[in-house]
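Colleague: Please take me through how the two chains of this model meet, with the cut-offs stated as we go.

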Protein chains: 2
Amino acid sequence: MTDQVEHKAKMERLKASVDRRIEAAQEEKGLLIIYTGAGKGKTTAALGMALRCIGHGMKVAVVQFIKGAIDTAEERALKSFGDRVTFLRMGEGYTWETQDRERDTTFAQEAWQTVCGFLRDPSYAMVILDEFNIALQQDYVDAAEVVAVLRARPPMQHVVLTGRGAKDVLIEEADLVTEMKQIKHPFRKGIKAQPGVEF
Amino acid sequence: MTDQVEHKAKMERLKASVDRRIEAAQEEKGLLIIYTGAGKGKTTAALGMALRCIGHGMKVAVVQFIKGAIDTAEERALKSFGDRVTFLRMGEGYTWETQDRERDTTFAQEAWQTVCGFLRDPSYAMVILDEFNIALQQDYVDAAEVVAVLRARPPMQHVVLTGRGAKDVLIEEADLVTEMKQIKHPFRKGIKAQPGVEF
């Protein structure tokens, strides 16, 4: 019973502290969110956020920059939400698949021009740029230009960038950054990519 | 042009190495996946995986252990997939909201008994236990019992555990572990929780 009383007192103190922090946080704005790092979960975390927005009746754009060659199940699932989701596959595949830097750059530039349209359109509550960090890292798209366009976007629009090796200039600019750190990966244990998990 | 030739040669070598690793990874099995750490993206990464499974026509169970008191938009979105998704909210809220350890334990135990049913049912391709790491950390559910039940589950069934502070015994058991590391969080900048991002 003492245990129970102690637990209650501790939780009351914790609640007071959480409530104070919630009280202090009053600003609302469109967030720039970055999921980076070598661990798994970057793309799926972004797609989970898309699901949240859809559940609120908001409109979402998802643009895949690099994984373009892969036919993904999430594309099928997201498309079932009809006009609440705009889904575009722009790239042709990973750099080691295409082996053609000029071609990769052309595709990324075309994708970026399309994205600029979404970043001017306040009807999109969230714009997800999947593997965009890789396009920036490879200098397919100029990071300074991206920052300028992001700053000029509709004030309540959320933007999510995924991919390894996020550039410092974008981390500086972001409101929310999570590094997905790889602790264990099944590939290293000889387990192959499986539907529902890897694609 | 030399640049282009060098890029192609480098990418050819990289592709050969990736292909060798894909060739070597041939095992298929249900994975135990853990998303842990203090950073954001754990629950959304799990839900993105649910979306992937749904896109493959697979059946998914999602059980929320702790966030039960929150009416979530993702619940609405997932439920639109009909009988491909079983969604259960079992808990009553965070420990600092309920302030009642006995009650929290009772709810977690009830939830776990329901989960045991899913973990015996091969028709579920994926079972997602949201914030389950917290229930284990608080000893609401016994970790050794959980490991035993997980080992006895259908061999192709994937299980995803989310929540901070994953127990070592489960990390040991897991096939895929990502730590979501917080680099930047908007709450600390005075920005409040917003629909589509935080809930």
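Modeller: Contact here means heavy atoms within 4.5 Å. This is a predicted model, in which local features need pLDDT of at least 70 and side-chain atom pairs count only at pLDDT 80 or more, while totals for chains, interfaces and linings use all residues. Residues are numbered from 1 along each chain as its sequence is written, chains are lettered from A and ligands numbered from 1 in the order in which they are written, and side-chain values use heavy atoms, with hydrogens and water left out.

Colleague: How many residues does the contact take from chain B and from chain A, and what area do the chains bury?

Modeller: The contact takes 81 residues from chain B and 81 residues from chain A. Buried area is the accessible area (1.4 Å probe) that two parts lose on being put together, summed over both. Of this area, 58% lies on carbon and sulfur atoms, and the total that chain B and chain A bury between them is about 7,400 Å².

Colleague: Which residue of chain A meets B:Arg52 in a salt bridge?

Modeller: A salt bridge is a side-chain nitrogen of Lys or Arg within 4 Å of a carboxyl oxygen of Asp or Glu. Between chain B and chain A the count is four salt bridges. In one of them, at 3.1 Å from N to O, the side chain of B:Arg52 meets that of A:Glu74.

Colleague: In β6(B), which residue is the bridge partner of A:Met180?

Modeller: Strands (E, at least two residues) and helices (H or I, at least four) are DSSP runs, numbered from the N terminus, and two strands pair if DSSP finds at least two bridges between them. Strand β6 (residues 176-184) of chain A runs antiparallel to β6(B), and seven bridges join them. Within this pairing, A:Lys184 stands opposite B:Val177, and the partner of A:Met180 is B:Met180.

Colleague: How are the two copies related, and which C-alpha of chain B is nearest the axis?

Modeller: Copies are superposed by least squares on the C-alpha atoms of residues with pLDDT of at least 70 in both. A rotation of 180° with 0.0 Å of shift along its axis superposes chain B on chain A, with an RMSD of 0.0 Å, and the two copies are therefore related as by a two-fold rotation axis. In chain B, the C-alpha nearest this axis, 1.8 Å from it, is that of B:Ala45.
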